[in-house]
Amino acid sequence: MNKVLQLGLQSSVINVAKSLRVGSSIVGVGVGTRSVNKRLMSNATVKSIPFSINNSKGKEVLKIVGAATDQNCHQMGSDSGRAEMGTPQDDRKDIEAMTVQELRATLRKLGLPVKGRKQELISTLRLHMDSNLPDQKETTSSTRSDSVTIKRKIRNMDEPTEDDYSNSEAYGIEHGEKRVKQSTEENLKAKVSVKAISKERKSLTKTGKQQIHLKEEALSTISSELLKTEEMISSLSQSEPWTVLAHKKPQKDWKAYNPKTMRPPPLPEGTKCVKVMTWNVNGLRALLKLESFSALQLAQRENFDILCLQETKLQVKDVEEIKKTLIDGYDHSFWSCSVSKLGYSGTAIISRIKPLSVRYGTGLSGSDHDMEGRIVTAEFDSFYLINTYVPNSGDGLKRLSYRIEEWDRTLSNHIKELEKSKPVVLTGDLNCAHEEIDIFNPAGNKRSAGFTIEERQSFGANFLDKGFVDTFRKQHPGVVGYTYWGYRHGGRKTNRGWRLDYFLVSESIAADVHDSYILPDINGSDHCPIGLILKL
């Protein structure tokens, strides 16, 4: 398609010499210093009018080289209110008869350039008149649609096609330009659209491949990180299994206990306090024979003031020999051994603080409770410390009745009697997982010793309901922390345990507890040590 569009911007007039076809029409465009004329007569239709550019001495002069059709023109008024114009020939004469002031006033009203000589103003007005002749084939709906169409055509014409290059005579010719049929233009549009779509598809394909590649890299990175995380978790689960939440029916807000992250910072230096630890050693002599266990290292690491032991399984004749192995500085030790069944049960308190007094058993004369060496009570300046090993209800729950009807009640009465003079700290293996959070598999152990409903209710009624506070649960209400893992099924490796060991304190000193903690990394028994730091 032969197209010529040359734009020369000087002063306020642009001379355009080209046939610009819109659908089946040619629109003459006059552009001033402002912009393309946006006031192209609303709902006007246009007729094909060939025009050209004649640029002489750097000044632009528009020349109408074609003739208008016989159709009537739309009205065009000046500031003096001119009447309707007749034929195009009459209109041209009227325009030529106008003064420069009238021409400029008319052009200004039409939004056209008003600078230049009279002949230039006449040419601009004629071009505007001719460009607004009615067209029988196509009617535009609004000025906006005309402007949009013109802009699109200009954009298309700016890109030379194969037809432009094949006909070099099209350039520089002022007259006799060849018109191209609308079908050719539509075909050209189709070709351009196909090329654009093809180019866009290629771009999208390339972009898609890049995105896929980036996603694959991201997935690979995520997979690598997940693998590392899984390896870390696996490593932790082997070296620190207590940090992995193990529970059959965990609640949403439950977390596994980790002493490295859940313990408070140490008290300021000089703060008066006492540090008590308790541990069911499940046979002290066997523990001391283990090469991996060093009581000295434990004492140096924890720097405890008092150590309470349960299930020492010592006989009276063994106590003196064991005392010789005690760590220097812990010069005060008190032992209670079973006399009804040798090598069974047994408790002890080892302290570097000398107590004011020491009692064994419940103090009840002739009581069977005191025959198994299950209680040692030490009195200190500001509190009583009771170290106890509560009887297990046994296989088949043979001792359940004894446990809840006799032992728990007797121990509770003993505590309440002591509490009349001083607050009490009750510690040891209390052989009860009080709540479901305290045991790995609550549903499967409803009739197991230590988790029967009877034992749990007795624990609450005889201790918690009487004003004693479970210090660990108060400090960690939603934390799963165990102190016992059975040997039978390797529960320690998978953290499938029970919380059976406690520090219960009188409500009057509960606010003075700085820390109540578990040391699950200490081996040597099926229980681990637990600790209490109490401000004095």
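Which elements do the buried residues of α12 pack against? They pack against α11 (400–418) and β18 (501–506). Contact here means heavy atoms within 4.5 Å. Helices (H or I, at least four residues) and strands (E, at least two) are DSSP runs, numbered from the N terminus. Helix α12 covers residues 453–462, and its buried residues are Glu 455, Ser 458, Phe 459, Gly 460 and Asn 462. Buried means under 20% relative accessible area, exposed over 50%, and partly exposed in between (1.4 Å probe, protein chains only).

This is a predicted model: local features need pLDDT of at least 70, side-chain atom pairs count only at pLDDT 80 or more, and totals for chains, interfaces and linings use all residues. Residues are numbered from 1 along each chain as its sequence is written, and side-chain values use heavy atoms, with hydrogens and water left out.

**The sheet**

Six strands form an open, mixed sheet in the order β12-β13-β14-β15-β18-β16. Its edge strands are β12 (357–360) and β16 (468–470), each pairing on one side only. The twist averages 20 degrees from one strand to the next. Two strands pair if DSSP finds at least two bridges between them.

Asp 470 has Leu 504 in β18 as its bridge partner. Helix α11 packs on the sheet and touches β12, β13 (375–379), β14 (384–389), β15 and β16. The direction of α11 makes about 170 degrees with that of β14. Axes are lines fitted to C-alpha atoms, for helices over the stretch in contact, and angles run from 0 to 180 degrees between N-to-C directions.

**Strand β14**

How many residues of β14 are buried? Six of its six are. Both faces are covered: Tyr 384, Ile 386 and Thr 388 are buried on one side, and Leu 385, Asn 387 and Tyr 389 on the other.

Strand β13 runs antiparallel to β14, joined by five bridges. Val 376 has Asn 387 in β14 as its bridge partner. A hairpin through four residues joins β13 to β14. Strand β15 runs parallel to β14, with six bridges between them. Tyr 384 stands opposite Val 424 in β15. The chain crosses from β14 through α11 to β15 in a right-handed β-α-β crossover. Right-handed means that, with the strands pointing away from the viewer, the path from the first strand over the helix to the second runs clockwise.

**Salt bridges**

A salt bridge is a side-chain nitrogen of Lys or Arg within 4 Å of a carboxyl oxygen of Asp or Glu. By this rule the count comes to 22. Three of them are listed here.

| Pair | N to O distance |
|---|---|
| Asp 515 and Arg 263 | 2.8 Å |
| Arg 285 and Asp 318 | 3.3 Å |
| Asp 438 and Arg 473 | 2.6 Å |

Asp 515 lies in strand β19 (residues 513–518) and Arg 263 in the loop between α7 (259–262) and β8 (273–280), so this pair ties together parts 252 residues apart in sequence. Asp 515 is buried at 1% relative accessible area, while Arg 263 is partly exposed at 26%.

Arg 285 forms a salt bridge with Asp 318. Arg 285 sits in helix α8 (residues 284–289) and Asp 318 in the loop between β9 (306–310) and α10 (319–323), so the pair ties together parts 33 residues apart in sequence. Arg 285 is partly exposed at 39%, and Asp 318 is buried at 7%.

Asp 438 and Arg 473 also meet in a salt bridge. Asp 438 is in the loop between β15 (424–429) and α12, and Arg 473 is in helix α13 (residues 471–475), 35 residues apart. Asp 438 is buried at 0% relative accessibility, and Arg 473 is buried at 10%. Elsewhere, salt bridges that share partners join Lys 275, Arg 301, Glu 302 and Asp 521 into one network.
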